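Take a look at the chain below.

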Amino acid sequence: SSDVCSSDLGRMAIKPYVAYGRYIQKMSNYCAHCRFDPGSALGEKACPITTLYWEFLSRHRDLLKENPRMSLSLTHLERFDADTSAQIHQKADIYRSSISL
């Protein structure tokens with residue numbers, strides 16, 4: 001048996017459901033009492049979800065660029081300078097390494 005649905009042949013036809021902190025803040029009350037700033041990916045009050053969001057987009061850029069619904073997010077990603085991108089990747093690695101599975 002295959003993990004891929006036969007009707008879509010494994011193609012990503014809609015926007016992947018991955019969200020950053022501001023979207024979660026807008027759509028829920030999850031961020032109401034959080035000490036992090038949902039709009040920040042870096043800095044003392046950076047939201048881990050936002051940091052991981054931008055790092056995910058960066059890591060999967062080649063796959064995601066095929067989806068027209070991702071163009072706005074990828075355009076924003078392209079505006080990050082090399083230093084900001086490197087810091088986001090470094091911070092995301094720290095977050096992931098701190099998770100116990």
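In this predicted model, α2 and helix α4 (residues 71-78) pack at an angle of about 95°. Their axes lie 10 Å apart. Angles of 65 to 115 degrees count as roughly perpendicular, so α2 is roughly perpendicular to α4. Who makes the contact? From α2 come Tyr53, Trp54, Leu57 and Ser58. From α4 come Ser73, Leu74, His76 and Leu77.

**The chain as a whole**

Now step back. The protein chain has five helices and zero strands. Read from the N terminus, its elements run α-α-α-α-α. The chain has 101 residues, and 27% of them count as buried. Consider next the contacts with a separation of 6 or more: residues 24 or more positions apart account for 51% of them.

**Helix α5**

Helix α5 covers residues 82-97, which is 16 residues. How far apart should its ends be? At 1.5 Å a residue, the helix should span 22 Å. The C-alpha atoms at its ends are 23 Å apart, which agrees.

Which residues of α5 are buried? They are Ser85, Ile88, Ala92 and Tyr95. Seen down the axis of α5, the buried residues fall within an arc of 85°, so they line one face of the helix. The face turned away from that buried side carries exposed residues: Ala82, Asp83, Gln90 and Ser97. Part of what covers the buried residues of α5 is α2 (48-59).

The N-terminal end of α5 has a cap, Asp81. A side-chain oxygen of Asp81 lies 3.2 Å from the backbone nitrogen of Asp83.

**Thr51**

Is Thr51 buried or exposed? Its relative accessible area is 0%. Buried means under 20%, so Thr51 is buried. Leave aside the neighbours within four places in sequence. Thr51 is then in contact with Ala41, Ala46, Ile88, Lys91, Ala92 and Tyr95. Among these partners are Ile88, Ala92 and Tyr95, which are buried residues of α5.

**Distances at a glance**

| Item | Value |
|---|---|
| Axes of α2 and α4 | 10 Å apart |
| Asp81 side-chain oxygen to Asp83 backbone nitrogen | 3.2 Å |

Methods:
Residues are numbered from 1 along each chain as its sequence is written. This is a predicted model: local features need pLDDT of at least 70, side-chain atom pairs count only at pLDDT 80 or more; totals for chains, interfaces and linings use all residues. Side-chain values use heavy atoms; hydrogens and water are left out. Helices (H or I, at least four residues) and strands (E, at least two) are DSSP runs, numbered from the N terminus. The expected span of a helix is 1.5 Å times one less than its number of residues. Buried means under 20% relative accessible area, exposed over 50%, partly exposed in between (1.4 Å probe, protein chains only). The arc is that of the directions from the helix axis to the C-beta atoms. Contact means heavy atoms within 4.5 Å. A polar contact is a pair of N or O atoms within 3.5 Å; within protein, one must be able to donate a hydrogen and the other to accept it, and residues adjacent in sequence count only if both atoms are side-chain atoms. Axes are lines fitted to C-alpha atoms, for helices over the stretch in contact, and angles run from 0 to 180 degrees between N-to-C directions. Angles under 35 degrees count as roughly parallel, over 145 as roughly antiparallel, 65 to 115 as roughly perpendicular and the rest as oblique.
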